[in-house]
Amino acid sequence: MIRRKLIAGNWKMNKTAADGVALTKDIVAEIGRIGSVDVVLCPPFTALESVAKALEGQSIKLGAQNMNPEKGGAFTGEVSAEMLRGLFVSHVILGHSERRTFFGDTDAFVNKKVIAALANQLKPILCVGETLAEREAGSTLAVVQRHVEQGLAGVTAEQMAAVIIAYEPVWAIGTGKVATTAQAQEVHAFIRDLLTKLYGAPVAQKVRILYGGSMKPSNAPELLAEKDIDGGLIGGAALEARSFIDLVKAAEAAH
Ligand SMILES: O=C[C@H](O)COP(=O)(O)O
């Protein structure tokens with residue numbers, strides 16, 4: 001099964017709207033209409049509208065980094081799926097480890113967000129992954145299994161066509177410590193097996209599983225050559241046009 005590679009840039013809490021537009025223009029100039037790889041830019045909420053304008057007419061898609069599952073109401077500081085749709089957002093990162101660690105996102109809350117995103121035609125990028133302590137305790141696969149099963153509770157086989165999973169070992173995020181290709185592939189294969197058990201092989205074979213954690217142009221070709229690694233969720237290397245473009249090109253070469 002040939003899955004289209006996907007490279008998503010998670011800008012985290014970086015870039016003003018103006019900085020985001022400048023970065024987007026540089027990216028668009030080189031890979032705006034790239035055909036063989038899916039590319040998603042995920043700026044902070046405050047830059048979504050400006051970046052959406054800079055992406056007009058291009059094949060690059062726009063993603064948000066979080067959302068609230070409620071329709072609307074008294075939830076100060078939160079943003080709904082409908083609000084994101086209104087800004088031409090097509091993807092949303094959910095359950096990122098930084099949200100789980102710093103903002104208390106639980107599996108149950110992440111699940112509500114996944115369900116709400118799908119109900120609003122947003123494609124969730126569900127993040128899963130173990131901390132260093134969990135890896136050292138030998139519970140990597142159990143943690144990943146819990147994140148996947150609980151994050152996807154109630155999601156139907158049909159809806160899985162819109163779901164993307166990102167495996168991000170927490171110890172590799174922003175640390176420069178990349179998982180070895182064998183470590184990453186082992187978990188990716190485990191996730192695909194789990195999806196096969198949950199939804200059957202035809203569905204599981206189509207789901208893109210991205211790797212995230214210090215992915216750079218230098219280590220991307222090796223990671224992207226692995227059978228179950230279908231792209232990357234990029235943090236640091238997505239903040240600069242050259243490295244992000246080179247990552248997209250690495251995915252194109254691995255296609
Ligand atoms: O969402 C992106 C990941 O957290 C990876 O971040 P990083 O590439 O800076 O390690």
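UniProt positions follow the numbering used here, and annotations may be inferred rather than shown by experiment. With that in mind, the unreviewed UniProt entry lists Asn10, Trp11, Lys12, Gly174, Ser214, Gly235 and Gly236 under "binding site". These positions span 227 residues in sequence, yet no two of their C-alpha atoms are more than 13.9 Å apart, so they gather at one spot. The model is predicted.

The ligand is surrounded by 14 residues. Asn10, Gly174, Gly212, Gly235 and Gly236 are the closest. By class, this shell holds 5 nonpolar, 8 polar and 1 charged residues.

Asparagine 10 belongs to strand β1, which covers residues 6–10. A residue counts as buried when 20 or more other C-beta atoms lie within 10 Å of its own. Asparagine 10 has 27 such neighbours inside 10 Å and is therefore buried. Beyond its neighbours within four places in sequence, asparagine 10 contacts Cys42, Gln65, Ile93, Leu233, Ile234, Gly235 and Ala238. Lysine 12 sits in the loop between β1 and α1. Lysine 12 has 19 other C-beta atoms within 10 Å, and is therefore partly exposed.

For "active site", the unreviewed UniProt entry lists His96 and Glu168. The two are spread over 73 residues of sequence but cluster in space, with a largest C-alpha distance of 8.4 Å. Histidine 96 is placed in the loop between β4 (91–94) and α4 (97–102). It counts as buried because 27 C-beta neighbours fall inside 10 Å. Sequence neighbours within four places aside, histidine 96 is in contact with Gln65 and Cys127. Gln65 is also among the contacts of asparagine 10.

Glutamate 168 occupies the loop between β6 (164–167) and α8 (181–199). Its 26 C-beta neighbours inside 10 Å explain why glutamate 168 counts as buried. With neighbours within four places in sequence again left out, glutamate 168 contacts Ser97, Cys127, Gly129, Ile173, Gly212, Gly213 and Leu233. Cys127 is likewise a contact of histidine 96. Gly212 is also among the residues closest to the ligand.

Helix α1 (residues 17–31) packs with helix α11 (residues 241–254) at an angle of about 35°, and their axes are 9 Å apart. The crossing of α1 past α11 is right-handed. On the α1 side, the contact is made by Leu23, Asp26, Ile27, Glu30 and Ile31. On the α11 side, Ala241, Phe244, Ile245 and Val248 take part. The contact of α1 with α11 has 7 nonpolar, no polar and 2 charged residues.

Backbone geometry was considered at two loop positions. Phenylalanine 88 is not a glycine, yet has a positive phi of about 65°. Phenylalanine 88 lies in the loop between α3 (81–85) and β4. It is partly exposed because 15 other C-beta atoms lie within 10 Å. Glutamine 121, also a residue other than glycine, has a positive phi near 60°. Glutamine 121 is found in the loop between α5 (107–119) and β5 (123–128). With 10 other C-beta atoms within 10 Å, glutamine 121 is exposed.

How values were computed: Residues numbered from 1 in each chain as written. Predicted model: local features only at pLDDT ≥ 70, side-chain atom pairs only at ≥ 80, totals over all residues. Near = placed C-beta within 6 Å. Nonpolar A, V, L, I, M, F, W, Y, C, P; charged D, E, K, R; others polar. Helix = DSSP H or I, 4+ residues; strand = E, 2+ residues; numbered from the N terminus. Buried ≥ 20, exposed ≤ 12 C-beta atoms within 10 Å, placed from the backbone. Contact = placed C-beta atoms within 7 Å. Axes fitted to C-alpha atoms, helices over the stretch in contact; angles between N-to-C directions. Left-handed = near helix turned anticlockwise from the far one by under 90°.
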